[in-house]
Amino acid sequence: MNIVIVKDYEEMSARAAEHVAEFIRGRSPVTIGLPTGNTPTGMYRRLVEEHRAGKLDFSGVTTFNLDEYRGLAPDHPASFARYIKTNFLDHINIPPGRAHWPSGTGDEAEACREYEAALAAAGGLDLVILGIGVNGHIAFNEPGTSFASRTHVVPLTEETRRIAADGKNFARPEDVPEAGITMGVATIMSAKRVLLLASGPSKARALAAAVAGPVTEDVPASVLQRHDDVTIIADEAAAAGLPA
Ligand code: GLP
């Protein structure tokens with residue numbers, strides 16, 4: 001694992017954007033898995049700025065969101081589809097039809113099959129970008145998820161729902177959907193390269209367990225120890241629990 005420790009959120013975002021921009025510049029076509037949440041917003045803002053400055057072309061890029069809330073349509077204000085459009089896709093030159101997200105509505109099994117088929121048709125993920133949950137989850141793969149999982153529907157833990165009820169998208173934990181649809185752990189591990197971002201003290205315990213603890217399904221992110229091309233960009237607060 002290549003672990004880069006930077007000062008703060010801004011620096012993490014800048015380094016992440018550089019990493020992704022460099023990856024895209026070197027390849028076309030290229031397929032990328034995209035996270036949502038607070039962690040990547042600074043990175044998306046910088047990638048949009050690079051594009052607006054005429055320095056980054058997304059015409060060869062295909063994207064796949066990592067996950068979605070079960071029951072939310074893409075135009076729901078709290079959906080991850082809406083997040084990725086507002087924060088990123090609406091501001092870059094990604095060709096129509098090349099941005100994908102798992103369907104939060106309709107037949108579950110069909111939605112999972114379709115997503116895996118679309119990923120395969122796109123040639124698989126070249127790069128997957130990840131955040132990390134305070135319990136070590138990646139995408140919506142909660143502790144206990146099989147390392148062999150592909151795109152599937154998962155019940156969300158109480159902790160994940162409580163944290164998602166931050167007053168922005170959901171007022172109360174009970175307003176947060178009870179399940180998510182997510183790329184599985186094996187789907188994520190099939191990416192050729194992984195970039196994981198972590199910021200803030202609330203992520204320190206999970207990051208330490210992921211990087212230096214045993215590889216176990218109880219800490220989904222620990223599976224990354226088995227991937228041979230992982231870069232982690234963490235700020236000092238998130239990296240506080242890492243061995244020196
Ligand atoms: C959610 C998302 C994850 C994300 C995590 C952390 O559960 N499904 O993909 O990594 O939250 O979010 P944040 O970056 O807001 O801390």
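In this predicted model, helix 2 and helix 3, the latter spanning residues 80-87, pack with their axes 10 Å apart and at an angle of about 40°. On the side of helix 2, the contact is made by Thr41, Tyr44 and Val48, and on the side of helix 3 by Tyr83, Ile84 and Asn87. Sorted by class, the residues of this contact comprise four nonpolar, two polar and no charged.

Helix 2 (residues 41-52) also meets helix 1 (residues 9-25); their axes come within 8 Å and cross at roughly 50°. Helix 1 is therefore oblique to helix 2. The crossing in which helix 1 passes helix 2 is right-handed. Helix 1 contributes Tyr9, Glu10, Ser13, Ala14, Ala16, Ala17, Val20, Ala21 and Arg25 to the contact, while helix 2 contributes Thr41, Gly42, Met43, Arg45, Arg46, Leu47 and Glu50. The contact of helix 1 with helix 2 has eight nonpolar, three polar and five charged residues.

The description now turns to the ligand. The residues surrounding the ligand are Gly37, Asn38, Thr39, Asp67, Phe80, Gly131, Ile132, His137, Ala139, Phe140 and Lys203. Particular atom pairs can be named within this setting. An N or O atom in the side chain of threonine 39 is 2.4 Å from an oxygen atom of the ligand. Histidine 137 places a polar side-chain atom 2.8 Å from an oxygen atom of the ligand. With alanine 139, a polar backbone atom is 3.3 Å from a nitrogen atom of the ligand.

Notes. Residues are numbered from 1 along each chain as its sequence is written. This is a predicted model: local features need pLDDT of at least 70, side-chain atom pairs count only at pLDDT 80 or more; totals for chains, interfaces and linings use all residues. Side-chain values use heavy atoms; hydrogens and water are left out. Axes are lines fitted to C-alpha atoms, for helices over the stretch in contact, and angles run from 0 to 180 degrees between N-to-C directions. Helices (H or I, at least four residues) and strands (E, at least two) are DSSP runs, numbered from the N terminus. Angles under 35 degrees count as roughly parallel, over 145 as roughly antiparallel, 65 to 115 as roughly perpendicular and the rest as oblique. A crossing is left-handed if the near helix is turned anticlockwise from the far one by less than a right angle, and right-handed if clockwise. Contact means heavy atoms within 4.5 Å. Ala, Val, Leu, Ile, Met, Phe, Trp, Tyr, Cys and Pro count as nonpolar, Asp, Glu, Lys and Arg as charged, and the others, Gly among them, as polar. A residue is near a molecule or strand if one of its heavy atoms lies within 4 Å of it. A polar contact is a pair of N or O atoms within 3.5 Å; within protein, one must be able to donate a hydrogen and the other to accept it, and residues adjacent in sequence count only if both atoms are side-chain atoms.
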